[in-house]
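User: I'd like to learn how to read a few features of a protein model. Could you walk me through it, general idea first and then the case at hand?

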Amino acid sequence: VPSAAAGLAPTAQVGGQPLKLNGKGVRYRALAKVYEIGLYASARVSSLEQFLAAPGAKRFQLVTLRELSGDALGVAMVQGMQDNAPAAERAKLINQMTLLSKVFADEPKVAPGSTLTIDLLPGRGAVLTLNGRQMVEPIADPLFFPAAARIWLGPRPVDFILKDALLGIESKKPEAG
(Lines give C-alpha, C1' and ligand atoms only; values in the text may rest on other atoms or scores of the structure.)
Protein backbone atom coordinates (compact mmCIF):
# COMPACT_ATOMS: atom_id res chain seq x y z
CA VAL A 1 0.00 0.00 0.00
CA PRO A 2 1.56 3.32 -1.02
CA SER A 3 1.85 5.79 1.80
CA ALA A 4 -0.39 8.85 1.83
CA ALA A 5 2.82 10.91 1.92
CA ALA A 6 3.59 9.63 -1.59
CA GLY A 7 0.68 11.74 -2.82
CA LEU A 8 -0.49 11.63 -6.39
CA ALA A 9 1.96 11.00 -9.23
CA PRO A 10 2.16 13.64 -11.99
CA THR A 11 1.39 10.94 -14.58
CA ALA A 12 -0.38 7.58 -14.73
CA GLN A 13 -0.60 4.72 -17.20
CA VAL A 14 -4.23 3.69 -17.68
CA GLY A 15 -5.09 1.02 -20.22
CA GLY A 16 -1.62 1.48 -21.75
CA GLN A 17 -2.25 5.20 -22.28
CA PRO A 18 -0.19 7.91 -20.57
CA LEU A 19 -2.34 10.38 -18.64
CA LYS A 20 -1.39 13.62 -16.89
CA LEU A 21 -2.56 14.83 -13.51
CA ASN A 22 -5.02 17.59 -14.42
CA GLY A 23 -5.61 18.76 -10.86
CA LYS A 24 -5.80 17.51 -7.29
CA GLY A 25 -7.25 18.50 -3.97
CA VAL A 26 -8.21 17.34 -0.50
CA ARG A 27 -11.73 16.50 0.65
CA TYR A 28 -12.47 17.80 4.12
CA ARG A 29 -15.34 16.81 6.37
CA ALA A 30 -15.85 18.87 9.54
CA LEU A 31 -12.30 20.25 9.23
CA ALA A 32 -10.80 16.72 9.06
CA LYS A 33 -8.93 15.62 5.96
CA VAL A 34 -10.74 12.62 4.45
CA TYR A 35 -8.93 11.93 1.18
CA GLU A 36 -6.75 13.44 -1.50
CA ILE A 37 -8.07 13.02 -5.04
CA GLY A 38 -6.58 13.60 -8.45
CA LEU A 39 -8.08 13.75 -11.92
CA TYR A 40 -6.04 12.28 -14.78
CA ALA A 41 -6.76 12.94 -18.47
CA SER A 42 -5.00 12.75 -21.83
CA ALA A 43 -5.23 16.52 -22.29
CA ARG A 44 -5.80 19.55 -20.06
CA VAL A 45 -9.49 19.97 -19.15
CA SER A 46 -11.26 22.76 -17.27
CA SER A 47 -14.85 21.46 -17.25
CA LEU A 48 -16.81 18.24 -16.79
CA GLU A 49 -17.81 18.38 -20.45
CA GLN A 50 -14.18 18.67 -21.64
CA PHE A 51 -13.15 15.83 -19.33
CA LEU A 52 -15.87 13.49 -20.58
CA ALA A 53 -15.21 14.47 -24.23
CA ALA A 54 -11.43 13.96 -23.98
CA PRO A 55 -10.40 10.91 -25.99
CA GLY A 56 -9.11 7.72 -24.42
CA ALA A 57 -8.70 6.56 -20.87
CA LYS A 58 -9.49 8.69 -17.80
CA ARG A 59 -8.88 8.27 -14.06
CA PHE A 60 -9.93 9.51 -10.66
CA GLN A 61 -7.43 8.46 -8.00
CA LEU A 62 -8.31 8.83 -4.37
CA VAL A 63 -5.88 8.30 -1.46
CA THR A 64 -7.49 8.03 1.96
CA LEU A 65 -6.02 10.26 4.66
CA ARG A 66 -7.87 8.57 7.54
CA GLU A 67 -9.64 5.28 8.15
CA LEU A 68 -13.04 5.11 6.48
CA SER A 69 -15.72 2.48 6.49
CA GLY A 70 -16.23 1.08 3.03
CA ASP A 71 -19.96 1.34 3.58
CA ALA A 72 -19.75 5.09 4.33
CA LEU A 73 -17.56 5.65 1.25
CA GLY A 74 -20.04 3.76 -0.95
CA VAL A 75 -23.02 5.63 0.47
CA ALA A 76 -21.26 8.98 -0.08
CA MET A 77 -20.45 8.08 -3.69
CA VAL A 78 -24.01 6.95 -4.43
CA GLN A 79 -25.36 10.15 -2.83
CA GLY A 80 -23.03 12.21 -5.02
CA MET A 81 -24.25 10.34 -8.12
CA GLN A 82 -27.90 10.90 -7.15
CA ASP A 83 -27.32 14.60 -6.41
CA ASN A 84 -25.82 15.19 -9.85
CA ALA A 85 -27.59 12.78 -12.20
CA PRO A 86 -29.98 14.35 -14.69
CA ALA A 87 -33.55 13.28 -13.83
CA ALA A 88 -33.79 11.21 -17.01
CA GLU A 89 -30.70 9.18 -16.00
CA ARG A 90 -31.51 8.49 -12.34
CA ALA A 91 -33.67 5.43 -12.94
CA LYS A 92 -31.16 4.05 -15.45
CA LEU A 93 -28.38 4.30 -12.84
CA ILE A 94 -30.18 2.42 -10.03
CA ASN A 95 -28.50 -0.93 -10.80
CA GLN A 96 -25.04 0.65 -10.92
CA MET A 97 -25.63 2.60 -7.70
CA THR A 98 -26.82 -0.59 -5.99
CA LEU A 99 -23.71 -2.40 -7.24
CA LEU A 100 -21.47 0.42 -5.97
CA SER A 101 -23.11 0.28 -2.53
CA LYS A 102 -22.63 -3.49 -2.37
CA VAL A 103 -19.01 -3.39 -3.54
CA PHE A 104 -18.09 -0.87 -0.86
CA ALA A 105 -20.21 -2.57 1.83
CA ASP A 106 -17.97 -5.61 1.31
CA GLU A 107 -14.98 -3.50 2.49
CA PRO A 108 -15.41 -3.23 6.28
CA LYS A 109 -12.72 -0.56 6.55
CA VAL A 110 -10.48 1.35 4.20
CA ALA A 111 -7.18 2.09 5.93
CA PRO A 112 -5.38 5.45 5.74
CA GLY A 113 -3.11 5.51 2.69
CA SER A 114 -5.40 3.23 0.66
CA THR A 115 -5.69 4.03 -3.04
CA LEU A 116 -9.01 3.82 -4.86
CA THR A 117 -9.02 4.32 -8.61
CA ILE A 118 -11.98 4.74 -10.92
CA ASP A 119 -10.67 4.27 -14.45
CA LEU A 120 -12.48 4.58 -17.74
CA LEU A 121 -11.02 2.15 -20.27
CA PRO A 122 -12.40 2.69 -23.77
CA GLY A 123 -14.16 -0.42 -25.01
CA ARG A 124 -14.19 -2.01 -21.53
CA GLY A 125 -15.96 0.42 -19.23
CA ALA A 126 -15.26 1.72 -15.75
CA VAL A 127 -12.84 -0.27 -13.59
CA LEU A 128 -12.72 0.22 -9.81
CA THR A 129 -9.63 -0.87 -7.92
CA LEU A 130 -8.72 -0.63 -4.25
CA ASN A 131 -5.00 -0.89 -3.51
CA GLY A 132 -4.45 -2.45 -6.93
CA ARG A 133 -7.18 -5.11 -6.53
CA GLN A 134 -10.06 -4.92 -8.98
CA MET A 135 -13.23 -4.65 -6.87
CA VAL A 136 -15.81 -5.65 -9.49
CA GLU A 137 -16.02 -6.63 -13.16
CA PRO A 138 -15.69 -3.59 -15.48
CA ILE A 139 -18.94 -1.59 -15.51
CA ALA A 140 -19.71 -1.32 -19.22
CA ASP A 141 -22.77 0.94 -18.88
CA PRO A 142 -21.80 4.18 -20.67
CA LEU A 143 -23.79 6.22 -18.11
CA PHE A 144 -21.73 5.00 -15.12
CA PHE A 145 -18.40 6.81 -15.52
CA PRO A 146 -20.00 10.21 -16.32
CA ALA A 147 -22.26 9.74 -13.27
CA ALA A 148 -19.21 8.96 -11.11
CA ALA A 149 -17.34 11.97 -12.56
CA ARG A 150 -20.23 14.26 -11.60
CA ILE A 151 -19.70 13.35 -7.91
CA TRP A 152 -16.71 15.72 -8.01
CA LEU A 153 -17.28 17.72 -11.20
CA GLY A 154 -21.09 18.00 -11.50
CA PRO A 155 -23.44 20.91 -10.84
CA ARG A 156 -23.71 19.87 -7.14
CA PRO A 157 -20.22 18.48 -6.42
CA VAL A 158 -19.25 17.18 -2.98
CA ASP A 159 -17.11 20.31 -2.66
CA PHE A 160 -16.91 23.33 -5.00
CA ILE A 161 -13.32 24.19 -4.01
CA LEU A 162 -12.30 20.57 -4.70
CA LYS A 163 -14.07 20.69 -8.08
CA ASP A 164 -12.05 23.76 -9.09
CA ALA A 165 -8.82 22.12 -7.83
CA LEU A 166 -9.46 18.97 -9.93
CA LEU A 167 -10.13 21.12 -12.99
CA GLY A 168 -6.94 23.08 -12.32
CA ILE A 169 -8.76 26.41 -12.08
CA GLU A 170 -8.37 29.03 -9.40
CA SER A 171 -11.02 28.49 -6.78
CA LYS A 172 -13.89 30.91 -6.50
CA LYS A 173 -16.33 31.11 -3.65
CA PRO A 174 -19.53 29.16 -4.34
CA GLU A 175 -22.58 31.33 -4.71
CA ALA A 176 -24.95 31.26 -1.77
CA GLY A 177 -28.08 29.29 -2.37
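User: Let's start with Glu89: is it buried or exposed?

Analyst: Buried means under 20% relative accessible area, exposed over 50%, and partly exposed in between (1.4 Å probe, protein chains only). Glu89 has 17% relative accessibility, so it counts as buried. Before we go on: this is a predicted model, where local features need pLDDT of at least 70 and side-chain atom pairs count only at pLDDT 80 or more, while totals for chains, interfaces and linings use all residues. Residues are numbered from 1 along each chain as its sequence is written, and side-chain values use heavy atoms, with hydrogens and water left out.

User: Where does Glu89 lie, and what is it in contact with?

Analyst: Helices (H or I, at least four residues) and strands (E, at least two) are DSSP runs, numbered from the N terminus. Glu89 sits in helix H3, residues 87–90. Contact means heavy atoms within 4.5 Å. Setting aside neighbours within four places in sequence, Glu89 touches Leu143 and Arg150.

User: How do H2 and H5 pack?

Analyst: Two packed helices are described by the angle between their axes and the distance between the axes. Axes are lines fitted to C-alpha atoms, for helices over the stretch in contact, and angles run from 0 to 180 degrees between N-to-C directions. For H2 (residues 70–84) and H5, the angle is about 95 degrees and the axes are 8 Å apart. Angles under 35 degrees count as roughly parallel, over 145 as roughly antiparallel, 65 to 115 as roughly perpendicular and the rest as oblique. H2 and H5 are therefore roughly perpendicular.

User: Which residues of H2 meet H5?

Analyst: Met77, Gly80, Met81 and Asn84 do, and on the H5 side they meet Phe144, Ala147, Ala148, Arg150, Ile151 and Trp152.

User: How many aromatic pairs does a search of the whole structure find?

Analyst: Rings of Phe, Tyr and Trp (its six-membered ring) pair if their centres lie within 6.5 Å; planes under 30 degrees apart count as stacked, over 60 as edge-to-face and the rest as tilted. The search turns up four pairs. In one of them, Phe51 and Phe60 have ring centres 5.4 Å apart and planes at 70 degrees, so that pair is edge-to-face. Phe60 and Trp152 have centres 5.0 Å apart and planes at 35 degrees, so they are tilted. Ring pairs join Phe51, Phe60, Phe145 and Trp152 into a cluster.
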